[in-house]
Amino acid sequence: MSKAFTKESDGDDDDEVGALPPLPAGGKNYITPAGYQRLKDELLELIDNERPKIVEIVHWAASNGDRSENGDYLYGKKRLREIDRRIRFLTKRLEIAEVVDPAVHAGSDQVFFGATVTYVDDEGVERSITIMGIDEAESALNQVSWIAPVSRALLKARIGDEVALPTPAGVRMLEVLDVKYPERAQ
């Protein structure tokens with residue numbers, strides 16, 4: 001069969017490649033105001049700047065004739081599919097996002113979404129994590145998604161509380177040492 005008669009995938013089947021974890025059933029897509037703004041800015045950058053540039057390159061490359069061996073055309077189309085996939089993902093996530101400002105809990109000693117929690121485990125190792133939305137958490141910055149097991153164990157605990165964290169190696173006990181929230185913007 002000639003390649004001309006094969007259907008090129010429109011990329012819908014690989015929407016989940018490199019995507020963030022799905023939301024829990026019935027769960028909400030909690031996100032901080034700063035995280036929401038970052039996703040919105042990325043979406044607008046893709047729509048207003050990056051996509052039009054790639055469309056222009058693809059249009060130019062298509063006008064050069066034979067598309068089957070035209071690298072600019074082939075790679076431009078591939079990049080265009082990647083951009084469209086990311087735009088669809090961001091649009092869906094922003095539509096269901098529930099913006100939660102952690103600053104409303106400033107001064108509280110209880111762990112809620114957006115808290116930076118310092119805890120010590122049963123082996124004496126002290127750690128600090130910030131509980132964030134799944135679309136904004138970056139582990140390199142000690143940010144943990146609110147659906148992560150450690151976050152779920154810590155949520156609603158107070159300073160001095162011990163909570164159980166189930167792990168594959170068994171249950172670990174965590175003691176909450178400190179809870180901080182960002183200050184309210186004036």
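**Entry 1: the sheet**

I began with isoleucine 131, which stands opposite valine 144 in strand 5. Before going on, I noted that this is a predicted model, in which local features need pLDDT of at least 70, side-chain atom pairs count only at pLDDT 80 or more, and totals for chains, interfaces and linings use all residues. Residues are numbered from 1 along each chain as its sequence is written, and side-chain values use heavy atoms, with hydrogens and water left out.

Helices (H or I, at least four residues) and strands (E, at least two) are DSSP runs numbered from the N terminus. Two strands pair if DSSP finds at least two bridges between them. Strand 4 (residues 126-132) pairs with strand 5 in the parallel sense, over 3 bridges.

I then traced the whole sheet: it is open, has 5 strands in the order 5-4-3-7-6, and shows mixed pairing. Strand 5 and strand 6 (162-167) are at the edges with a single partner strand each, so one side of each has no neighbour in the sheet. On average, neighbouring strands of this sheet are turned by 45 degrees against each other, direction ignored; the axes are lines fitted to C-alpha atoms, and angles in general run from 0 to 180 degrees between N-to-C directions.

**Entry 2: from strand 5 into helix 3**

Next I checked alanine 148, in the loop between strand 5 (143-145) and helix 3 (149-154). Alanine 148 has a relative accessible area of 18%, and is called buried because the limit is under 20% (exposed is over 50%, partly exposed in between; 1.4 Å probe, protein chains only).

Is serine 151 buried or exposed? Serine 151, in helix 3, is buried, with a relative accessible area of 0%. A polar atom of its side chain lies 2.8 Å from the backbone oxygen of serine 145. Leaving out residues up to four places away in sequence, serine 151 touches Ile131, Val144, Ser145 and Trp146; contact means heavy atoms within 4.5 Å. I was pleased to meet the opening pair, Ile131 and Val144, again here.

**Entry 3: the cores**

I counted a nonpolar core as buried Ala, Val, Leu, Ile, Met, Phe, Trp, Tyr and Cys residues joined through side-chain atoms within 4.5 Å. The largest has 21 residues, and those with the most contacts inside it include Val150 and Leu154. Strand 3 (116-121), strand 4, helix 3, strand 6 and strand 7 (170-180) each supply at least two residues of this core. Another core, of 16 residues, lies apart from it, with Leu39 and Ile83 among them.

Definitions and conventions
A polar contact is a pair of N or O atoms within 3.5 Å; within protein, one must be able to donate a hydrogen and the other to accept it, and residues adjacent in sequence count only if both atoms are side-chain atoms.
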